[in-house]
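Thank you all for coming; I would like to walk you through one structure today, slowly enough that anyone who has not seen it before can follow along.

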Amino acid sequence: MINILPIVVGILLGILFEKFRKYHSLYHLVFKSSPFVKNPKASLGKEEDDDEVVNILPAGLIRERIPKHVAVIMDGNRRWAKEKGLATMEGHSAGAQRVLELIPLCCSYGIKVLTLFAFSTENWNRSEVEISFLMKLGEKMILEKLEEVMRQDVRISVIGDRGDMTKLPRSLQRLITKAIDSTKNNSRLHLIVAINYSGRCDIIQACQRIYEKVKDGIIKQENIDETLFTEQLETNCTELPYPDLLIRTSGELRISNFLIWQLAYTELYFEELFWPDFGEKEFVKALLSFQGRNRRFGGSTAG
């Protein structure tokens, strides 16, 4: 009589091996290629080996032509809320959620700097109730999301009118300082948040700093050039101060006193949707538009 036990065991082992092979392939397909899932080491802190992360770009995007610096004017939160019959504050909360979704996309696509226009000097003209909510929303985001930002290896900087930052609540000032200090050694993405920011004021303050240095004999007047001037602007916190692409939502066709000097050769992209409706599909569309342009910088039309 034939002993069928070895045959049965062999068949079972073959089935188990096939299931394991399919599961292993599925793991690599779903998890290793997802822009939102990093290597398990990342859960322990800063990821040590970026080569272990497999980031597959959306169809049509070319990695070599991804903009290094993207700036965004996040416009339309209030109109979005009004259209939906919601309170203004709910529009701002929805807009904040979009920011949290945009950060991992930038990390995944290889964007190095993301600058967000969060609060302008002109926004102080809004109601005290709205301003208070925005300040508390900023505090809430730092308190709840700082650890997540650390895991994503994101560095945070805040730019704005340095002489008038005392307008911000002290609690928010302390949290901003904590976020900047905690993330200063991170390098995957540099997130620059413009709060109490004015492009005109940025230029004026740069002129004042240069004047003081000339007066004190630190620099000579004839040595003032574009490079020196750029170094005095708020964006001196990054090695890539000039955005490659500016995105503005809500259908408005202006830059609204944002990074006036820095945007000289920036490609502009205007999106009709309000900021809370600006998701991954719209972001990819903006990047595709950028990649389809020929950036000549005043030079030849070829290439």
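Predicted model: local features only at pLDDT ≥ 70, side-chain atom pairs only at ≥ 80, totals over all residues.

Let me start with helices α4, residues 128-151, and α5, residues 170-183, whose axes come within 10 Å and cross at roughly 20 degrees. Axes here are lines fitted to C-alpha atoms, for helices over the stretch in contact, with angles running from 0 to 180 degrees between N-to-C directions, while helices (H or I, at least four residues) and strands (E, at least two) are DSSP runs, numbered from the N terminus. Residues are numbered from 1 along each chain as its sequence is written, and side-chain values use heavy atoms, with hydrogens and water left out.

Coming back to the pair, α4 and α5 are roughly parallel to each other, a term kept for angles under 35 degrees, with over 145 counting as roughly antiparallel, 65 to 115 as roughly perpendicular and the rest as oblique. Their crossing is left-handed, which is to say that the near helix is turned anticlockwise from the far one by less than a right angle, clockwise being right-handed. Among the residues of α4 that take part in the meeting are Met 135, Gly 138 and Ile 142, and among those of α5 are Leu 172, Leu 175 and Ala 179, where contact means heavy atoms within 4.5 Å.

Helix α4 also packs against α3, at an angle of about 30 degrees and with the axes 11 Å apart, so α3 and α4 are roughly parallel to each other as well. Here, however, α3 passes α4 in a right-handed crossing, and the residues that meet include His 92, Ala 96 and Val 99 from α3 and Phe 133, Leu 137 and Met 141 from α4. Helix α3 itself, residues 88-109, has 22 residues and reaches 32 Å from its first C-alpha to its last, close to the 32 Å expected at 1.5 Å a residue, the expected span being 1.5 Å times one less than the number of residues. Just after α3 comes Gly 110, with a positive phi of about 95 degrees.

What follows helix α6? Gly 217 does, and its phi is likewise positive, near 75 degrees. The helix, residues 199-215, has 17 residues and reaches 25 Å, close to the 24 Å expected. Its buried residues, which include Cys 201, Gln 205 and Ile 210, pack against β4, residues 189-197, and α7; buried means under 20% relative accessible area, exposed over 50%, and partly exposed in between, with a 1.4 Å probe and protein chains only.

Most residues other than glycine have a negative phi, and most peptide bonds are trans.

Let me turn to the aromatic rings, where a search of the whole structure finds nine pairs. The rings of Phe 117 and Phe 258 have their centres 4.3 Å apart and their planes at 10 degrees, so this pair is stacked; rings of Phe, Tyr and Trp (its six-membered ring) pair if their centres lie within 6.5 Å, and planes under 30 degrees apart count as stacked, over 60 as edge-to-face and the rest as tilted. The pair links distant parts of the chain, since Phe 117 is in strand β2 and Phe 258 in the loop between β5 and β6, 141 residues apart. Both Phe 117 and Phe 258 are buried.

Finally, consider Tyr 269, which lies in strand β6 and is buried, with a relative accessible area of 10%. Tyr 269 and Ala 286 are 17 residues apart in sequence and 6.6 Å apart in space, C-alpha to C-alpha, and the contacts of Tyr 269 beyond four places in sequence include Leu 246, Arg 248, Ala 286 and Arg 293.
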